[in-house]
Amino acid sequence: MDIILKYFPDLTETQKEQFGRLGELYELWNGQINVISRKDMEHLYEKHVLHSLGIAKVCSFVDDTDILDVGTGGGFPGIPLAIMFPNCNFHLVDSIGKKIKVVTEVANALGLKNVKAEHQRAENIHGTYDFVVSRAVTRMAPFVDWIKHKFNKNHFNPLDNGILYLKGGDLEEELAEAKRKYTMYDLPSFYEEEFFETKKVVYLPF
């Protein structure tokens, strides 16, 4: 939890409590339904929570922003972002039902009223959103195809509506396939830990 406060020192007491409980909740649920590799559990706050919050370093969502988290797995990046932005609306989807069960249980335990979790494929989701977030679900070109018709037309955030995608490594070739304008934000600009050395937030406006 200290690593979260290191980079986000202005959390409310409620946010501190919610972030603080993530460790025990994921320990509990991961023991029953494996959504995070066992060896990663001891690095949950760095590799999953803080990594997810890289998106918050790039865009501070305005109240009432609608955000779709595609392929959320156990709730990343959606759950940490929902804690960080309690007045925004988060729709977390995954094609694997047992992962959504974990998301639902964690969100309920934390009292997150701004999270809706659904067992569904992204391309079958109806409705539109201001942003789509995700964490290395697939290559960017097919990802864009899944969600390209799911964006609201009105822009009211610091960034125009679009995709905010957490990914690592050399992405130039992959992003060229998507044939869209993009901006890359290097997470080492925000975080000093070695884990983030090659990690990025990729932003594609729509």
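Phe61 is buried, at a relative accessible area of 5% (buried means under 20%, exposed over 50% and partly exposed in between, with a 1.4 Å probe and protein chains only). The model is predicted: local features need pLDDT of at least 70, side-chain atom pairs count only at pLDDT 80 or more, and totals for chains, interfaces and linings use all residues. Residues are numbered from 1 along each chain as its sequence is written, and side-chain values use heavy atoms, with hydrogens and water left out.

Phe61 sits in the loop between helix H4 (54-58) and strand E1 (66-70). Helices (H or I, at least four residues) and strands (E, at least two) are DSSP runs, numbered from the N terminus. Beyond its neighbours within four places in sequence, Phe61 is in contact with Ile55, Ile67, Phe85, Cys88, Phe131, Asn157 and Leu164. Contact means heavy atoms within 4.5 Å. Cys88 lies 27 residues from Phe61 in sequence, and their C-alpha atoms are 7.4 Å apart.

Lys200 belongs to strand E7 (residues 199-205). Lys200 also counts as buried, with a relative accessibility of 14%. Neighbours within four places in sequence aside, its contacts are Tyr165, Leu166, Lys167, Gly169, Leu171, Met184, Tyr185, Asp186 and Leu187. Leu164, a contact of Phe61, is 36 residues from Lys200 along the chain, with 9.9 Å between the C-alpha atoms of Lys200 and Leu164.

Helices H2 (residues 13-32) and H6 (residues 97-110) have axes that come within 10 Å and cross at roughly 140°. H2 is therefore oblique to H6. Axes are lines fitted to C-alpha atoms, for helices over the stretch in contact, and angles run from 0 to 180 degrees between N-to-C directions. Angles under 35 degrees count as roughly parallel, over 145 as roughly antiparallel, 65 to 115 as roughly perpendicular and the rest as oblique. From H2, Gln18, Arg21, Leu22, Leu25, Tyr26 and Trp29 meet Lys101, Val102, Glu105, Val106, Ala109 and Leu110 of H6. The residues of this contact divide into eight nonpolar, one polar and three charged (Ala, Val, Leu, Ile, Met, Phe, Trp, Tyr, Cys and Pro count as nonpolar, Asp, Glu, Lys and Arg as charged, and the others, Gly among them, as polar).

Overall, the protein has eight helices and seven strands. Of its 206 residues, 51% count as buried. Its C-alpha trace spans about 40 × 35 × 30 Å along the principal axes. Among contacts between residues at least 6 apart in sequence, 70% join residues at least 24 apart.
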